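My entries follow the order in which I checked things.

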Amino acid sequence: MGLLDFLFGSNTKEIQDFKNRDAVILDVRTQKEYDAGAISGSKHIPVNEIDAKISEIKQWNKPVITCCASGVRSGNAAKTLNKNNIEAINGGGWKSLKKKL
């Protein structure tokens, strides 16, 4: 993953590969942001709660595509998940990710 992918999200091909493997879309924005609009069927865990929810996320037993507003928080979340042996990529901003799905 290059710097731009890290900052703003993975490319469409990577996202489709994850989706083909039944990936979970994980929105890491605040509750207020999520309530204002989100990808249908996505799960919501704010980025500041990711560390505390690692066990729960591991139980999903699926790859994870993270998203937020711009891709910065989701990049940090994907990095944290990867460090905890969870296969994850940064999907970037939720609006642009929605178009790639």
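The entries below go from the sheet to the cores, then to one helix and the salt bridges.

**Entry 1: ground rules.** I am working with a predicted model, in which local features need pLDDT of at least 70, side-chain atom pairs count only at pLDDT 80 or more, and totals for chains, interfaces and linings use all residues. Residues are numbered from 1 along each chain as its sequence is written, and side-chain values use heavy atoms, with hydrogens and water left out.

**Entry 2: the sheet.** I took helices (H or I, at least four residues) and strands (E, at least two) as DSSP runs, numbered from the N terminus. In what order do the 4 strands lie in the sheet? I found an open sheet with the order 2-1-3-4 and parallel pairing. Two strands count as paired if DSSP finds at least two bridges between them. Strand 2 (43-44) and strand 4 (88-93) are the edge strands, each pairing on one side only.

I then went through the pairs. Strand 1 and strand 2 run parallel and are joined by 2 bridges; here Asp 27 stands opposite His 44. Strand 1 and strand 3 also run parallel, with 4 bridges, and Ile 25 faces Ile 65 across that pair. Strand 3 is joined to strand 4 by 4 bridges, again in parallel. In that pair I noted Ile 65 opposite Ile 89 and Thr 66 with Asn 90 as its bridge partner.

**Entry 3: cover on the strands.** I used three classes: buried means under 20% relative accessible area, exposed over 50%, and partly exposed in between (1.4 Å probe, protein chains only). Strand 1 is covered on both faces, with Val 24 and Leu 26 buried on one side and Ile 25 and Asp 27 buried on the other. In a regular strand the side chains alternate between the two faces of the sheet. For strand 4, I found 6 of its 6 residues buried.

**Entry 4: the cores.** A nonpolar core is a set of buried Ala, Val, Leu, Ile, Met, Phe, Trp, Tyr and Cys residues joined through side-chain atoms within 4.5 Å. Which residues have the most contacts inside the largest core? They are Leu 26, Ile 50, Ile 57, Trp 60, Val 64 and Leu 81, in a core of 15 residues. Strand 1, helix 4, strand 3 and helix 5 each give two or more residues to this core.

Leaving aside neighbours within four places in sequence, Val 64 touches Phe 18, Val 24, Leu 26, Ile 57, Leu 81, Ile 86, Glu 87, Ala 88 and Ile 89. There is also a second, separate core of 10 residues, with Phe 18, Ala 23, Trp 94 and Leu 97 among them.

**Entry 5: helix 5.** Ser 74, Gly 75, Ala 77, Ala 78 and Leu 81 of helix 5 are buried. Seen down the axis, these buried residues fall within an arc of 165 degrees, so they line one face of the helix; the arc is that of the directions from the helix axis to the C-beta atoms. After helix 5 comes Asn 85, whose phi is positive, near 60 degrees.

**Entry 6: salt bridges.** I counted a salt bridge where a side-chain nitrogen of Lys or Arg is within 4 Å of a carboxyl oxygen of Asp or Glu. The structure holds 6 of them.

Lys 62 and Asp 22 form one, at 2.7 Å from N to O. Lys 62 lies in the loop between helix 4 (54-60) and strand 3 (64-68), and Asp 22 in the loop between helix 2 (12-20) and strand 1 (24-27), so the pair ties together parts that are 40 residues apart in sequence. Lys 62 is partly exposed at 33%, and Asp 22 is partly exposed at 45%.

Are the partners Asp 27 and Arg 29 buried or exposed? Their closest N and O atoms are 2.8 Å apart; Asp 27 is buried at 0% relative accessibility, and Arg 29 is buried at 4%.

Glu 56 pairs with Lys 53 at 3.8 Å between the closest N and O atoms. Glu 56 is partly exposed at 36%, as is Lys 53 at 28%. I also noted that Asp 17, Arg 21 and Glu 87 are joined into one network by salt bridges that share partners.

Terms used
Contact = heavy atoms within 4.5 Å.
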